[in-house]
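Please look over the sequence and the model below before reading on.

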Amino acid sequence: MKVNNILSIDIDYCKSTRDFQEVFEIFCRNLFTVDSDKILFSDYHVDIIDLIKNIEGALDIVNIDDHHDIFYDATQIPICRNGIADSSCWVGWLCMHAEVKNYRWVSQDFSEAFSSELIDQFDSLYEKNSMYDIVDSRNILFGNKKAVTERMSGSYIKYKPSITRDIHIDKEIFNIDFDYIFVCKSPDYTPRENYFMYNLLKSAHAEYSKKPKKEKKI
């Protein structure tokens, strides 16, 4: 079965000129080989799901990001299981609803790690006959994240990905031939003075493709 290589770039990763130079190089190396309809720009990271949720085959994801975006709180697990995601847990959502073979997080030195407690909670999702959470959508609408729990056979997640972390961009990543590219601005975390980095990548794509820019509007 085909393994699809996904490049995800969050501009909030770029803390220095060198960071952006490396991101720009990786993007441009793949811009010329990835079909235009397999490249998506958006303000928010959760929109990567729109790009890759219907891909057939396994996913190898390289996420260049100041945040791991798996999940940050146990209450997000039942929400993802119920098919709901946001920019802080899109990776967790994909692990639960797609075949993620490898997730490689490229972070900064000081990026918040995926804690050992959250790792244990993540691992428990792959245990057969484990308890799993059902979320009432009314609770989500009213901001109440309480969930009821019941036992169901076969509810465990079948595909457990390998999760690794790199501190800064490894040279090996430059040699990966990516099939899909996603770029997000993350205005909640990226300083306004760094928005030009997102705009430069978007302009490079538009100039090369000579087609209208494909951008998710929120």
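Predicted model: local features only at pLDDT ≥ 70, side-chain atom pairs only at ≥ 80, totals over all residues.

Residues are numbered from 1 along each chain as its sequence is written, and side-chain values use heavy atoms, with hydrogens and water left out.

| Residue | Relative accessible area | Class |
|---|---|---|
| Ser 8 | 0% | buried |
| Phe 71 | 0% | buried |
| Phe 196 | 41% | partly exposed |

In these classes, buried means under 20% relative accessible area, exposed over 50%, and partly exposed in between (1.4 Å probe, protein chains only).

Ser 8 lies in strand S1, residues 3-10 (strands are DSSP runs of E with at least two residues, helices are runs of H or I with at least four, and both are numbered from the N terminus). The side chain of Ser 8 makes a polar contact with that of Asn 63 at 3.0 Å; such a contact is a pair of N or O atoms within 3.5 Å, where within protein one must be able to donate a hydrogen and the other to accept it, and residues adjacent in sequence count only if both atoms are side-chain atoms.

Phe 71 sits in the loop between strand S3 (58-64) and helix H3 (76-81). Leaving out residues up to four places away in sequence, Phe 71 touches several residues, including Ser 88, Cys 89 and Phe 114, where contact means heavy atoms within 4.5 Å. The C-alpha atoms of Phe 71 and Ala 85, 14 residues apart along the chain, are separated by 9.7 Å.

Phe 196 belongs to helix H7, residues 195-209.
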